[in-house]
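This briefing concerns a predicted model. It takes up a sheet, a helix and the chain totals in turn.

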Amino acid sequence: MGVEETIGVTETASIPKQRGEQLLDHAVRYAEERHWDVFAGTWLESADGRELCSCGAQDCPAPGAHATVKDWAALATGSAVQVRRIWAKRPEASILLPTGRTFDALDVPDSAGFLALARLERMERTLGPVALTPDHRMLFFVLPGAGAKVPDLVRKLGWSPESIDLVARGEGEYVPAPPTRFGGRGAVQWARRPTPANRWLPDTEELIAALAYACGREVAADRDRRSS
């Protein structure tokens with residue numbers, strides 16, 4: 001999927017347009033090359049000069065990027081044939097990836113994520129793909145099982161899990177995949193693209209210290225801003 005790249009903290013990444021053929025091609029590659037299950041979510045529709053979620057909710061929290069049914073897990077497939085069939089019927093549908101199967105995702109604010117990413121790269125730690133969402137979150141892909149490990153690991157590092165904004169996305173959840181676009185916010189993109197070099201994902205333990213430290217710094221900085 002191209003040469004591995006990291007988006008720098010100050011770099012403005014190009015926002016891919018959400019074209020039907022792009023979404024189909026990306027969804028197929030996720031299934032074929034990464035062996036990830038995928039399923040089609042909602043999409044954006046133009047109405048009165050605005051882009052609204054196909055779900056019809058005026059106050060949709062993730063317009064164009066959430067599941068269409070409660071039993072979405074049963075719709076997820078790793079078959080490229082099925083993926084082509086699904087997006088042929090609904091080419092504008094968002095690409096959603098179930099967590100808790102081939103990977104989990106450590107979800108942090110993007111400011112903390114960039115700090116942790118730079119630190120992990122300096123330490124030459126093994127990293128998997130890292131996604132950047134338009135609502136200012138970063139998703140670090142790790143081996144499944146993160147949800148059960150994160151609270152205890154964070155406590156051992158001296159932080160309260162409730163006090164820092166570090167969330168493990170695991171079984172029963174999903175994350176949006178590039179180039180899915182959130183209404184009015186831009187597109188999901190890769191801070192570190194999936195490549196043959198990062199096919200083998202790190203375990204949560206390999207990333208948690210850098211991520212918890214970065215999230216803790218964010219909490220402290222926010223507290224200082226409020227008190228000044």
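Three strands form an open sheet in the order β1-β4-β9, with antiparallel pairing. Its edge strands, each of which pairs on one side only, are β1 (39–40) and β9 (174–176). Strands are DSSP runs (E, at least two residues) and helices are DSSP runs (H or I, at least four), numbered from the N terminus; two strands pair if DSSP finds at least two bridges between them.

Residues are numbered from 1 along each chain as its sequence is written. In this predicted model, local features need pLDDT of at least 70, side-chain atom pairs count only at pLDDT 80 or more, and totals for chains, interfaces and linings use all residues, while side-chain values use heavy atoms, with hydrogens and water left out.

**Sheet pairing**
- Two bridges join β1 to strand β4 (residues 95–98) in the antiparallel sense.
- F39 has L96 of β4 as its bridge partner.

**Helix α3**
- The 13 residues of helix α3 (residues 110–122) should span 18 Å at 1.5 Å a residue, and the end C-alpha atoms are 18 Å apart, which agrees; the expected span is 1.5 Å times one less than the number of residues.
- Buried residues (under 20% relative accessible area, 1.4 Å probe, protein chains only) of α3 are D110, A112, G113, F114, A116, L117 and L120.

**Chain totals**
- The chain holds five helices and 12 strands.
- Of its 228 residues, 46% are buried.
- Among contacts (heavy atoms within 4.5 Å) in the chain with a separation of 6 or more, 80% join residues 24 or more positions apart.

Conventions:
Buried means under 20% relative accessible area, exposed over 50%, partly exposed in between (1.4 Å probe, protein chains only).
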